[in-house]
Amino acid sequence: MLKEKRRLCPECKGQIEPGHTDMVYELKGIKITIKYVTANICSKCGQSFVSGHVAEEVNRLVNRVNEDVNSFIKTQPETGKRHKEVAIAV
Ligand SMILES: [Zn+2]
């Protein structure tokens, strides 16, 4: 196992600290926000870095949610230009 070293932000060379971030996706006019995703956050510029494994899991969740939201929307009468939004906090 590789031990993860303390990294510096490629943008500003600030210190990267463990934290959480919100990941926002826009799919077919539906905004999907996954809140409180484990990430590393630059303490200087606020840039967030999500590990490949976590990003993969979030993508899977978003794809699943997107399918479910789309089938749910088909049951709803069209109510004009209402902004559709889904937020998930884990
Ligand atoms: Zn930075």
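Let me start with one pair of residues, because a bridge is what decides whether two strands count as paired (DSSP has to find at least two bridges between them): in strand β3, the bridge partner of Asn40 is Phe49. What you see above is a predicted model, in which local features need pLDDT of at least 70 and side-chain atom pairs count only at pLDDT 80 or more, while totals for chains, interfaces and linings use all residues. Residues are numbered from 1 along each chain as its sequence is written.

The elements come next. The chain holds one helix and four strands, where helices (H or I, at least four residues) and strands (E, at least two) are DSSP runs numbered from the N terminus. Read from the N terminus on, their order is β-β-β-α-β.

Which strands does β2 pair with in the antiparallel sense? Strand β1, residues 16-27, pairs with β2 in that sense over 11 bridges, and β2 and β3 also run antiparallel, joined by two bridges.

Now look at the two hairpins. Between β1 and β2 there are two residues, and in this hairpin Lys28 takes a positive phi near 50 degrees; between β2 and β3 there are five residues, and in that hairpin Gly46 takes a positive phi near 85 degrees.

Which residues make up the largest nonpolar core? A nonpolar core is a set of buried Ala, Val, Leu, Ile, Met, Phe, Trp, Tyr and Cys residues joined through C-beta atoms within 7 Å, and a residue is buried if 20 or more other C-beta atoms lie within 10 Å of its own, exposed if 12 or fewer, and partly exposed in between, with C-beta atoms placed from the backbone. The largest core has five residues, namely Met23, Ile32, Ile34, Val37 and Ala39, and strand β2, residues 30-42, supplies the largest share of this core, four residues. Buried residues make up 8% of the 90 residues in the chain.

Finally, confidence: pLDDT is the predictor's confidence in each residue, from 0 to 100. The mean for the chain is 87, and 88% of its residues reach 70 or more. Confidence is lowest in strand β4, residues 84-89, at a mean of 85, and highest in strand β3, residues 48-49, at 94. Where pLDDT is low, the predicted coordinates should not be read in detail.
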